[in-house]
Amino acid sequence: MIKVAIYSCHDRETKELRHVFAVYSIQNTWADMDIRSSSVLEEWISLAEHADILICDVSQEAALSGLKKLKRENPSVLILPIADTETPPVRYVCPEIMPVALLWRPLIQRYVCDCIAQVMRLFRGKNVSRTDLFEVTSRKMSRYISYADIFYFEARDKKLILRTEFQELSFRGTLGELEERLTDGFIRCHKSFLVNRQQITGINRQEQMIELAGKVYIPLSRKYKKSFLEAFDDNL
């Protein structure tokens, strides 16, 4: 359970931020969230004592003091200030607070969504074990990708492609070898695709297409349709 505490003196901001976190939680099965919020600073500080992520309006000196106290008591907490031009950055961009990102007024939903997605990826990266990571090795380096962030693997141009929301990584191998290596969370849906069932948001059986988070689509072939649907339904 990821604990999020939100404070803003504007109720509308609080509601918008709660909504964005709730949608993120629904779209990402690993992000099971307990979202608490308040427009009363003293009440919020009490709610925030054991939070993993703090979002705080830093326009008040008392809010800054509260953030510093919470950071001292919980050094690993991720802090996301809400600020504007009237609040000098030197007040909240400091070692006592160490923000991981910034929400700038007026809040624009698409930027808020992007910012929260970045913070959640950071949180995920801090809290995954080595066994939750897939290693992609090339000649120059190895990279480690959380299994939960992988959309699918694709065989393309004599290489394997790992696709996440924001990038594609290529490496050598075959889908057959991957099937033996991966957990049951990845299902063969086509001769060229292995899909992460946690990223599936819809299946069009008539058009034989699979919809993934972020409106990404991959094919569901006739050859693998029956075995895919059986494997997918068995894991629901």
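Me: How many helices and how many strands does the protein have?
Reply: The protein has six helices and 15 strands. A helix here is a DSSP run of H or I with at least four residues, and a strand is a run of E with at least two, numbered from the N terminus. The model is predicted, so local features need pLDDT of at least 70 and side-chain atom pairs pLDDT 80 or more, while totals for chains, interfaces and linings use all residues. Residues are numbered from 1 along each chain as its sequence is written, and side-chain values use heavy atoms, without hydrogens and water.

Me: Why is I187 called buried?
Reply: Buried means under 20% relative accessible area, exposed over 50%, and partly exposed in between, with a 1.4 Å probe and protein chains only. The relative accessibility of I187 is 6%, and therefore I187 counts as buried. This residue belongs to strand β11, which runs over residues 186–190.

Me: What does I187 touch, leaving out residues up to four places away in sequence?
Reply: I187 touches F193, L194, V195, R197, F228, A231 and F232; such a contact means heavy atoms within 4.5 Å.

Me: Why is R72 called exposed?
Reply: R72 has a relative accessibility of 61%, so R72 counts as exposed. The residue is part of helix α3, residues 61–73. Between R72 and E230 there are 158 residues in sequence and 50 Å in space, from C-alpha to C-alpha.

Me: What makes V100 partly exposed?
Reply: The relative accessible area of V100 is 33%, and therefore V100 is classed as partly exposed. V100 sits in the loop between β4 (78–83) and β5. Residues up to four places away aside, V100 touches L78, I79, V119 and L122. Its C-alpha atom is separated by 21 Å from that of N28, 72 residues away along the chain.

Me: What share of the residues in the protein is buried?
Reply: Buried residues form 45% of the 236 residues. The protein exposes about 13,400 Å², and carbon and sulfur atoms supply 49% of that area; the method is Shrake-Rupley with a 1.4 Å probe, and for residues only the protein chains shown count as cover.

Me: Which residues does D34 contact beyond its neighbours within four places in sequence?
Reply: D34 is in contact with M1, I2, K3 and V4. D34 and K3 are 31 residues apart in sequence, and their C-alpha atoms are 4.8 Å apart. D34 itself lies in strand β2, residues 33–38. For the protein as a whole, among contacts between residues at least 6 apart in sequence, 50% join residues at least 24 apart.

Me: What is remarked about phi of K158?
Reply: Phi of K158 is near 65 degrees, which is a positive value in a residue other than glycine. K158 is found in the loop between β8 (152–156) and β9 (159–163). Its relative accessible area is 84%, and therefore K158 is exposed. Q208 is also a residue other than glycine with a positive phi, near 55 degrees, and its place is the loop between β13 (200–204) and β14.

Me: What kind of peptide bond joins R105 and P106?
Reply: The bond between R105 and P106 is cis, with omega about 0 degrees. P106 is located in the loop between β5 (103–104) and α4.

Me: What volume does the largest pocket have, and which residues are closest to its centre?
Reply: The volume of the largest pocket is about 630 Å³. Of its 29 lining residues, Y24, Q27, N28, A117 and E165 are the closest to the centre. The elements giving two or more residues to this lining are α1 (11–27), α4 (109–126), β7 (142–146) and β14 (209–212). Of these, α4 gives the most, with six residues. On a 1 Å grid over the protein atoms alone, a pocket is an open set of points where a 1.4 Å probe fits, with protein on both sides within 12 Å along at least five of seven lines; lining residues have an atom within 4 Å of a point.

Me: What are the extents of the box that the C-alpha atoms fill?
Reply: Along the principal axes, the C-alpha atoms fill a box of roughly 65 × 40 × 30 Å.

How values were computed:
Grid points are joined across faces, edges and corners, and a volume is the space filled by probe spheres set on the points.
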